[in-house]
Amino acid sequence: MRPFRENVAVAIDGGGIKGVMVARALAILEDHLGQSCHDVFRLAAGTSTGSIISAGIGAGLTGADMHRLYTELGHTIFRKTWRSSCWPLSRYRYPLEPLKLALNRYIGGMTMGDFWSASPPTDVVITAFDLVTYKTLFVKPFKTREGYDKWPVVKAVLASSSVPTYFPVVDGRYVDGGVGAYSNPCYIAAYEACVILADAWGWDPAETTLISLGTGREPQGLSPGLAAGFWPWQWLGPVLGAFLQSADDQQVHLVDMFFEQLDFRRFQVDLTERVAMDDPSMIPALTAYGDELGRKMLNDETDRAMQITAARPQSRFLPPRRPGRLGADARPIG
């Protein structure tokens with residue numbers, strides 16, 4: 001594995017129980033480096049299950065700690081009941097209380113601002129979607145104007161993880177950050193590193209490594225002629241899957257095009273079967289996929305989405321900066 005640069009960031013995709021593989025891969029990385037994720041990554045951005053791991057990194061949990069959290073609590077959080085079996089007759093399949101209790105046990109009563117005021121500080125970016133304003137939220141520890149610095153970390157993670165129909169809406173308005181375009185938050189992390197932290201901490205993109213971790217690329221494609229016989233409701237799965245995969249890959253292309261000075265590395269594994277986000281019986285298989293993801297990191301075997309190149313703009317894109325305090329920043333992504 002090529003050495004990391006001076007500043008190191010990580011971005012972690014959504015995917016429910018598939019977070020097992022990322023936690024396992026991070027444990028392998030820690031063994032290789034002889035350091036914890038908290039010591040390595042000063043910026044962690046995550047969506048949904050990625051927000052759990054990003055918050056864990058900021059709170060000082062190791063990859064092994066987070067893998068243990070998933071393996072011990074997967075069956076509790078996704079416990080099969082009448083509600084999950086008959087979910088079209090209820091508002092959601094699983095209550096949030098088991099996940100909330102687990103997060104309180106592992107993370108405690110931290111607020112987002114605690115990440116920023118710690119020594120050393122960690123910038124943790126958590127995405128969520130606000131159904132009232134119909135916008136993606138980027139919950140960060142320094143955003144004082146929006147009040148995100150006062151948000152309990154557990155609230156931010158629950159909001160980011162509340163996949164519609166799987167979990168109830170948080171505070172009557174917040175749902176999974178992957179509802180928008182940021183199930184893969186690598187572009188958010190690149191912007192944060194190259195613009196926000198360039199202002200706040202003096203980060204130089206040419207001295208920054210961004211690691212992007214996916215939660216598995218599901219088998220693609222249909223049998224020839226199969227779609228010709230689809231009924232209207234049968235299109236939902238293929239169309240949604242195509243949208244999500246295209247959106248994930250698009251984020252990779254955007255980082256590669258607009259932040260070329262970054263040492264950007266996207267790692268992903270190809271799944272041999274479809275894995276439901278709420279299937280804890282797949283934890284052993286997902287752990288094995290995590291071993292594969294960890295090996296890819298150590299061998300610098302980046303995802304094939306990075307092999308697609310496009311004409312670059314004449315100059316590296318950096319959104320216009322505005323004067324003023326960081327907490328009152330009004331940039332479109334930051």
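Guide: Before we start, a word on burial: buried means under 20% relative accessible area, exposed means over 50%, and partly exposed is in between, with a 1.4 Å probe and protein chains only. This is a predicted model, in which local features need pLDDT of at least 70 and side-chain atom pairs count only at pLDDT 80 or more, while totals for chains, interfaces and linings use all residues. Residues are numbered from 1 along each chain as its sequence is written, and side-chain values use heavy atoms, with hydrogens and water left out.

Visitor: Thanks! What helices and strands are there in the protein?

Guide: The protein has eleven helices and seven strands.

Visitor: What share of the contacts is between residues 24 or more positions apart?

Guide: Counting contacts with a separation of 6 or more, 80% come from residues 24 or more positions apart. A contact means heavy atoms within 4.5 Å.

Visitor: How do the axes of α3 and α8 cross?

Guide: Packed helix pairs are described by the angle and the distance between their axes. For α3 (residues 49-58) and α8 (residues 153-161), the axes come within 7 Å and cross at roughly 155°. α3 and α8 are therefore roughly antiparallel. The axes are lines fitted to C-alpha atoms, for helices over the stretch in contact, and the angles run from 0 to 180 degrees between N-to-C directions. Under 35 degrees counts as roughly parallel, over 145 as roughly antiparallel, 65 to 115 as roughly perpendicular, and the rest as oblique.

Visitor: Which residues make that contact between α3 and α8?

Guide: On α3 they are Thr49, Ser51, Ile52 and Ala55, and on α8 they are Val153, Val157, Ser160 and Ser161. By class, the contact of α3 with α8 has four nonpolar, four polar and no charged residues. Here Ala, Val, Leu, Ile, Met, Phe, Trp, Tyr, Cys and Pro are nonpolar, Asp, Glu, Lys and Arg are charged, and the others, Gly among them, are polar.

Visitor: How many residues of α8 are buried?

Guide: Eight of the nine residues of α8 are buried, so α8 is largely enclosed by the rest of the structure. Among them are Val154, Ala156 and Leu158.

Visitor: What about α1 and α3, how do their axes cross?

Guide: The axes of α1 (residues 19-33) and α3 come within 9 Å and cross at roughly 30°, which makes α1 roughly parallel to α3.

Visitor: Is the crossing of α1 and α3 left-handed or right-handed?

Guide: The crossing is right-handed. The near helix is turned clockwise from the far one in a right-handed crossing, and anticlockwise by less than a right angle in a left-handed one. In α1, Gly19, Val22, Ala23 and Leu26 meet Thr49, Ile53 and Ile57 of α3. That contact of α1 with α3 has five nonpolar, two polar and no charged residues.

Visitor: What is the peptide bond from serine 119 to proline 120 like?

Guide: That bond is cis, with omega near 0°. Proline 120 sits in the loop between α7 and β3 (123-130). Most peptide bonds are trans, and most residues other than glycine have a negative phi.

Visitor: On phi, what is the value for threonine 165?

Guide: Threonine 165 has a positive phi of about 80°, although it is not a glycine. Threonine 165 is in the loop between α8 and β5 (174-176), and at 32% relative accessibility threonine 165 is partly exposed. Aspartate 300, in the segment after α11 (283-299), also has a positive phi, near 55°.

Visitor: Last one: is tyrosine 134 buried or exposed?

Guide: Tyrosine 134 is exposed, with a relative accessible area of 64%. Tyrosine 134 lies in the loop between β3 and β4 (135-139).

Technical notes: Helix = DSSP H or I, 4+ residues; strand = E, 2+ residues; numbered from the N terminus.
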